[in-house]
There are 2 protein chains.
Amino acid sequence: MQTLVIGLGSMGFGAAVSCVRAGFQTIGFDINPDALDRFQAEGGHPVQSLDACTGIDCVLIFVVNAAQAESVLFESNLLSKLNPDALVINCVTLAPSKAIEIAKNVKGNGFRYIDAPVSGGAAKALEGRMSIMASGAPDAMRDAKPVFDAISEHVFELGDDPGYGSRMKLVNQLLAGVHIAAAAEAMNLAASLDMDLHQVIDVISKCAGSSWMFENRAPHIADGDYTPLSSVNIFVKDLGIVTDEASGNQVATPLSEAALSLYQKASELGLGSEDDSAVVKILAQQSKVTLPGSNT
Amino acid sequence: MQTLVIGLGSMGFGAAVSCVRAGFQTIGFDINPDALDRFQAEGGHPVQSLDACTGIDCVLIFVVNAAQAESVLFESNLLSKLNPDALVINCVTLAPSKAIEIAKNVKGNGFRYIDAPVSGGAAKALEGRMSIMASGAPDAMRDAKPVFDAISEHVFELGDDPGYGSRMKLVNQLLAGVHIAAAAEAMNLAASLDMDLHQVIDVISKCAGSSWMFENRAPHIADGDYTPLSSVNIFVKDLGIVTDEASGNQVATPLSEAALSLYQKASELGLGSEDDSAVVKILAQQSKVTLPGSNT
């Protein structure tokens, strides 16, 4: 299966390398030359232009947002490089309504589409252990199985139509984004009370206040290390999709809005490329709290 | 060790029964006669008045809030019923500053004090498997060990002074209260998108959006069952402590405030005694979403 991965960022790179490891002919495309070099070092076939591709059976899309996904699908020559009936697996987090719209357009061009947003972070992606929230026609899901097996630990098969995958991702991102902000709020309060932040993590991880994100991100705050695993800007985007989708349906999401406001403020202050846990810096600034690793 | 448990609610009842099971002479006091009957059925010694107590070595306080704890400690004849150097173990969730104030008063009366808020829920309490966030003098902690062993699975020893236990509980309740509200917000959004709510729980529980509270409370929403494990009013109280303590120190807690507002609205609408996950009904009402078990 001739596979093309578009977008070699934290998740796409892991998926592409996992495909290489599983023995697929894997082409990788990114506008960042460093990512192409790293992919070549892992045994992949980097291309600097989609013109260099041909006979693609399966394309995995790992670009940043819906606009980029639409651009690469419908404003480049990508579709002309695909074999008839090729699989278009869109792993980008986007509004369910947008997933349905893109699917319709891809199918109208004679290809098959799987709505397949992913979760799990860069480390798991690199190990071929991401989670995929997938929906699409049974034949497409069947033919995608070898690729999904190569890149993922869990594939949640959520229905035959596009949109179901994106709806689940939306719910996951709501929770993930709020939980990171809650972890930041809790750690900032703990710092204000002169608590031992590593002890806080040890105790809370064993109590009812724990979350996947607390256990994963609170150590960044205790260590003062904001090297990005996932970034502030990802949650500006994803909680933006959550609140847009919700408000469009008159659905109340007050916690998502409160969390989004923190990510937006962090982004406006130039922290957009830092780890998402850097939202704590906004709270610390508002609270006159000194955090580990802070210069103030 | 002659032990007295004051307050036989969801956590206190479990602690009292666990003490009986461990072989302690255990007296239980509550103003609710049903709780006393149930305690007697488990082999405990219920009393309808503290006048019936004498020679107490260890008192565990499981009343609802700081005002009740102060009332029972300083406005009843409790202290006259304690042996010299008796242990006063206060398991009530209260502001750290209040824990320190109560400890000072108890010690001034010649007794020993452990600041010991608990976590884990009624089911674990009944199995003697709660978690205790304890701080107090080493000799008090040593002498309390048999009691802690009887009622808990984890004892976190957080320092020699009262206040450390309550600080940790404050951080836990911030996270727990926000995570329940986030679970409600996510489930309400999922319901608005016509998703299968049990499938949402299955998937999210394996993804980065999960939390202890999501896994525990989201099923209540999917099942439409708001039988209280812990109640809305508990979080009106506990997030009130969080936001009061934070605002007193000019510490920002925007997510706690957003969550508290939901619990307060739920309580005002008469849902205060329902399970805390009933905050989702406020969101559903605001969003015109029909939830499982809803009559509308």
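How far apart do the C-alpha centres of domain 1 of chain A and domain 2 of chain A lie? In this predicted model, the two centres are 28 Å apart.

To see them, select residues 3–160 of chain A, which the domain assignment gives as domain 1, and then residues 166–287, which it gives as domain 2. Where the two domains meet, 14 residues of domain 1 of chain A are in contact with 14 residues of domain 2 of chain A. If you colour the domain 1 side of that meeting place by residue class, you will find nine nonpolar, four polar and one charged residues.

Next, show chain A as a whole in cartoon form, where 12 helices and nine strands can be followed. With a radius of gyration of 20 Å, close to the 19 Å that the globule rule gives for 296 residues, chain A is as compact as a globular protein of that length. Its C-alpha atoms fill a box of roughly 60 × 45 × 35 Å along the principal axes, and 57% of the 296 residues count as buried. Of the contacts in chain A with a separation of 6 or more, 67% are between residues 24 or more positions apart.

Finally, select helix α11 of chain A, residues 254–271, where the buried residues include A:Leu255, A:Ala259, A:Leu262, A:Tyr263, A:Ala266 and A:Leu271. Then bring in what covers the buried residues of this helix: the cover includes α7 (164–192), α10 (232–248) and α12 (280–287) of chain A.

Conventions
Residues numbered from 1 in each chain as written. Chains lettered and ligands numbered in written order. Predicted model: local features only at pLDDT ≥ 70, side-chain atom pairs only at ≥ 80, totals over all residues. Helix = DSSP H or I, 4+ residues; strand = E, 2+ residues; numbered from the N terminus. Rg over C-alpha atoms; globule rule 2.2 N^0.38 Å. Buried ≥ 20, exposed ≤ 12 C-beta atoms within 10 Å, placed from the backbone. Contact = placed C-beta atoms within 7 Å. Domains from an automatic or database assignment. Nonpolar A, V, L, I, M, F, W, Y, C, P; charged D, E, K, R; others polar.
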